[in-house]
Amino acid sequence: MKNLDADNVTEAVVASFRRTRDERLRRILESLVRHLHGFAREVRLTPAEWKAAIDFLYAAGRISDERRNEFVLASDVLGLSALVDLLNRPEGATESSELGPFYNPDSPWVPLGADIVRGAAGGERVLVRGRVTDTAGRAIAGALLDFWQAAPSGLYPAQDPAQPADNLRGRMRTDEQGRYAFVTVKPGPYTVPYDGPVGALLRAGGRDAWRPAHFHFIVSADGHVPVVTELFPADDPHLEKDAVFGVRASLVFRYVRHETAEAAAPYLVEPPFYSVDFDFRLAPA
Ligand code: BEZ
Ligand code: FE
């Protein structure tokens with residue numbers, strides 16, 4: 001019998017997966033085992049530290065439910081979600097970013113230029129507008145935009161009984177020129193949930209839980225790769241230290257302030273208001 005020791009245990013585990021039929025899965029498992037063991041060797045992981053990691057996973061499972069997934073949050077704050085996203089971006093398309101836990105697939109359909117403030121949100125008014133094009137700059141008519149955001153308070157409707165459930169979200173199709181537009185309020189920055197094991201990890205690492213303010217979008221069209229992304233205002237104080245590493249320079253915009261109603265034409269927005277002009281590019285599928 002071959003004796004297992006710290007030098008050969010990794011190869012033994014890798015070999016135990018050699019009959020995995022799915023080739024891709026075998027490759028992933030082999031690499032996972034090698035990196036996991038390599039990591040334990042590199043830091044000379046102690047039994048107490050191994051136990052702390054298992055306790056972290058156990059606590060993440062206990063605090064998770066249909067509305068909260070602490071494992072996704074752990075992936076987010078460790079930058080794994082961002083890395084997977086960055087590795088899989090189609091050439092020439094708008095950069096993607098976090099989906100986050102507040103996406104709701106049944107937002108109300110709204111017409112071009114709709115006001116999506118359905119409750120008394122307060123805050124500063126914003127007209128968000130632009131076009132959806134392909135990577136060659138040709139307009140995509142009938143593209144679908146699904147958008148949602150937090151209120152100026154930093155709270156999503158799901159976290160705030162004072163907001164109607166459909167507040168600050170909607171679905172819209174672009175017109176013949178690929179244009180979209182909606183009227184809203186400036187979203188506020190907010191913290192990711194930090195009352196669980198991920199919060200403890202952030203505190204242990206001397207990090208904070210803030211995300212800069214942002215607008216969420218899923219933009220899709222037949223024959224194109226959908227883009228899940230976020231837009232961030234340049235003046236947000238948390239831009240450089242997003243807890244989940246979602247910010248990309250190409251997704252940062254500047255609010256432009258307007259004092260006259262004409263600046264919103266053909267839409268109606270009472271001045272003063274701000275505009276955000278942002279075009280989305282979709283890659284062919
Ligand atoms: C969000 O943008 O809503 C979000 C993203 C990642 C973790 C928590 C919240
Ligand atoms: Fe968000």
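## A buried histidine

Let's start with one residue: His-216 counts as buried because its relative accessibility is 2%. Here, buried means under 20% relative accessible area, exposed means over 50%, and partly exposed lies in between, with a 1.4 Å probe and protein chains only. His-214 counts as buried too, at 1% relative accessibility.

This is a predicted model, in which local features need pLDDT of at least 70, side-chain atom pairs count only at pLDDT 80 or more, and totals for chains, interfaces and linings use all residues. Residues are numbered from 1 along each chain as its sequence is written, chains are lettered from A and ligands numbered from 1 in the order in which they are written, and side-chain values use heavy atoms, leaving out hydrogens and water.

## The iron site

Which residues hold the iron ion (ligand 2)? Tyr-156 (OH), Tyr-190 (OH), His-214 (NE2) and His-216 (NE2) coordinate the ion, at 1.9 to 2.1 Å. Donors are N, O and S atoms within 2.8 Å of the metal (3.2 Å for Na, K and Ca); water is not among the atoms, so sites may look incomplete. Along the sequence, the spacing of the donor residues is Y-x33-Y-x23-H-x1-H.

The site has six donor atoms, and with angles of 54 to 169 degrees among them it is irregular. Four donors count as tetrahedral if all angles lie between 85 and 135 degrees; four count as square planar and six as octahedral if opposite donors are over 155 degrees apart and all others between 65 and 115; anything else is irregular.

## Ligand 1

Tyr-190, His-214 and His-216 turn up again here: together with Pro-101 and Arg-211, they come nearest among the 14 residues around ligand 1. A residue is near a molecule if one of its heavy atoms lies within 4 Å of it.

An oxygen atom of ligand 1 is 2.4 Å from a side-chain N or O atom of Tyr-190, and for His-214 the distance is 3.1 Å. A polar side-chain atom of His-216 also lies 3.1 Å from an oxygen atom of ligand 1. The protein covers 98% of the 260 Å² of accessible area that ligand 1 has on its own (Shrake-Rupley method, 1.4 Å probe).

Strand β5 spans residues 179–185, and six of its seven residues are buried. Strands are DSSP runs of E with at least two residues, numbered from the N terminus.

Strand β2 (residues 125–134) pairs with β5 in the antiparallel sense over seven bridges; two strands pair if DSSP finds at least two bridges between them. Strand β1 (residues 114–115) runs parallel to β5, joined by two bridges.

Notes
Helix = DSSP H or I, 4+ residues; strand = E, 2+ residues; numbered from the N terminus. Polar contact = N/O pair within 3.5 Å; in protein donor to acceptor, adjacent residues only side chain to side chain.
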